[in-house]
Amino acid sequence: MRKLLPRSTPEAEGISSAALLAFFRAIEELDSVHSFMVMRHGRVIAEGWKKPYAPELPHMLFSLSKSFTSCAVGFACAEGKLSLDARLVDLFRDELPDRYDEKFERLRIRHLLSMTSGHDHCAMDDMEFRPNWARAFFETALAYEPGTRFCYNSGASYMLAASVVRATGKGLREYLRPRLFDPLGIAPRCWELSPQGIEAGGWGFNLTTEEIASFAQCLLEGGRRDGKQIIPADYFRQATSVQADNSMNDQPDWKTGYGFQFWRCRHNAFRGDGAFGQYAIAMPDQEMALAVTSGLRNMQSILDRVWEILLPAAEEKPAAPAPADAAALAEAVTHWEMPVLGSAGRILPFRRYALSENALQFETIEFASFDDHIELTLDGETMKAGFGRRIANTLSWREPVPRRMEASARWNSERELELLVSCCETPFQWSFLLTVEDSGVGLVRKSNLLFRTGEWPPLAGHPLD
């Protein structure tokens, strides 16, 4: 695994290994953080991945993607291809419906960036299942005058992505490659696309933990890398300062001001973030940056631990080496992993079933249990799950793209088999219960988190052989 950032010891950078171990123990209790990387003075001083999450695996960023879209806007403005005061209607005259809210005439790029588009809800809710997202955006109603009220809105972020494409003639990834990704060492990664082939902007990007950390360090340095200005300085200052009042929000670190697709935090920090705890955090006062990937329901919980444990631990001068504490931290992180189910169980020969009509449109299920693993196949895609161990698979099972999944299994009874699946490029963990009867089979899937899609309906089938 290539390393983008230099490494150092905690004590050499003025933070004790004992404090980092306390931070790790605190996030270990949460359900669940998947990886973290702490940087001080531009050097990595602590890092870890909760197996089967791993350094080389990209992770879904959700709305942390918005901060990269913001950077693309900044580059386009600095190059004279776009302006913060450009009117959206002028960029998309060919997409305007015959009738649209006249307040769109006053909607500018800066309003999209600051989440003050005038909507009172996320416009993406009205756009996502339409064939043309830009046209659908202009068919939404504006409740407020643009620029007057904050409302978090992924539809606005998509329109920023589409505006960059219009202004530059290049997709976001192509445009950002020489300007941001190459200088930060970010490899080519997938980004979910609209029906028109434009990056979603507000979500859908994927990066490894260290790539997120490289971005966070660039933010900490004011948009620079190795002394060179990467993100245009004037735009960066605006993007990471308060541009909209979001004090109507509930959580402490969601009500301290919003920039241009960046959040302000307490303690003079700022961040890009995504659903379920995907973070690139810059803490200028402590010369510290942090990258995190997670599957958290309560995103505030990890920020609280950062402020309570990490910030007070930052000292101005190096500390004496503490080899015992450093060894304890390394030992703890090495054994960090998701649960693994079971031991050897019941052996059953291959069986095949026809599934009853279901919303997922699965037609067949096939199943066999061996002495050390099981094989479960839905419409020709097979998942292997080990007894007492995880087995890696790459499959989709109605997900948008095939992804790496690692699965273990156990027999709960003579008739019920349980599978635990880590979708280890995402925040999702799945639990399957397979009920095997002489008359048929039943399959129920539960997910730890739901996002934009509902839970699977129960599947049931009868024997074909």
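This is a predicted model: local features need pLDDT of at least 70, side-chain atom pairs count only at pLDDT 80 or more; totals for chains, interfaces and linings use all residues.
1. Six strands make up an open sheet, and their order across it is β2-β1-β10-β9-β8-β7, with antiparallel pairing. The edges are formed by β2 and by β7 (263-264), each of which pairs on one side only.

2. The pair β1 and β2. These two strands run antiparallel and are joined by six bridges; within this pairing, Phe36 has Gly48 of β2 as its bridge partner. The loop between β1 and β2 contains His41, a residue that is not a glycine and yet has a positive phi of about 55 degrees.

3. How much of β9 is buried? Six of its six residues are, so the strand is largely enclosed by the rest of the structure. The burial applies to both directions in which the residues of β9 point: Gln278, Ala280 and Ala282 point one way, Tyr279, Ile281 and Met283 point the other way, and all are buried.

4. The neighbours of β9 in the sheet. On the β8 side, β8 and β9 pair in the antiparallel sense over five bridges, and the bridge partner of Phe270 in β9 is Ala282. The two strands form a hairpin with three residues between them, and Phe276 in the turn has a positive phi of about 70 degrees. On the β10 side, five bridges join β9 to β10, and these strands also run antiparallel; here Met283 stands opposite Met288 in β10. The hairpin of β9 and β10 has four residues between the strands, and in this hairpin Glu287 takes a positive phi near 50 degrees.

5. The helix α11 and the sheet. Helix α11 (300-313) lies across four strands, namely β1, β8 (270-274), β9 (278-283) and β10, and runs at about 30 degrees to β9.

6. The helix α1. Helix α1 comprises twelve residues (17-28), which at 1.5 Å a residue should span 16 Å; the C-alpha atoms at its ends are 16 Å apart, and the two values therefore agree. Its buried residues are Ser17, Ala19, Leu20, Leu21, Phe23, Phe24, Ala26 and Ile27. The cover over these buried residues includes the strands β1 (33-40), β2 (43-49) and β10 (288-294), together with the helices α11 and α12 (323-334).

7. Cis peptide bonds. Most peptide bonds are trans, and most residues other than glycine have a negative phi. The bond from Asp31 to Ser32 is cis, with omega near -10 degrees, and Ser32 lies in the loop between α1 and β1. The bond from Lys51 to Pro52 is cis as well, with omega near 15 degrees, and Pro52 belongs to the loop between β2 and β3 (59-60).

8. The backbone at Phe62. Phe62 has a positive phi of about 50 degrees although it is not a glycine.

9. The cavity. The structure holds one cavity of 30 Å³ or more, and the volume of the largest cavity is about 50 Å³. The residues that line this largest cavity are Ser35, Trp49, Tyr53, Ala54, Leu57, His59, Thr209, Thr293 and Cys424.

10. The second largest pocket. About 290 Å³ of space lies in this pocket. It is lined by 17 residues, of which Glu47, Leu329, Ala330, Val333 and Thr334 are the closest to the centre of the pocket. The elements that contribute two or more residues to the lining are β2 and α12; β2 is also an edge strand of the sheet, and both β2 and α12 are included in what covers the buried residues of α1.

Notes:
Residues are numbered from 1 along each chain as its sequence is written. Side-chain values use heavy atoms; hydrogens and water are left out. The expected span of a helix is 1.5 Å times one less than its number of residues. Buried means under 20% relative accessible area, exposed over 50%, partly exposed in between (1.4 Å probe, protein chains only). Contact means heavy atoms within 4.5 Å. Two strands pair if DSSP finds at least two bridges between them. Axes are lines fitted to C-alpha atoms, for helices over the stretch in contact, and angles run from 0 to 180 degrees between N-to-C directions. On a 1 Å grid over the protein atoms alone, a cavity is a set of points where a 1.4 Å probe fits but cannot get out, and a pocket is an open set with protein on both sides within 12 Å along at least five of seven lines; lining residues have an atom within 4 Å of a point. Grid points are joined across faces, edges and corners, and a volume is the space filled by probe spheres set on the points.
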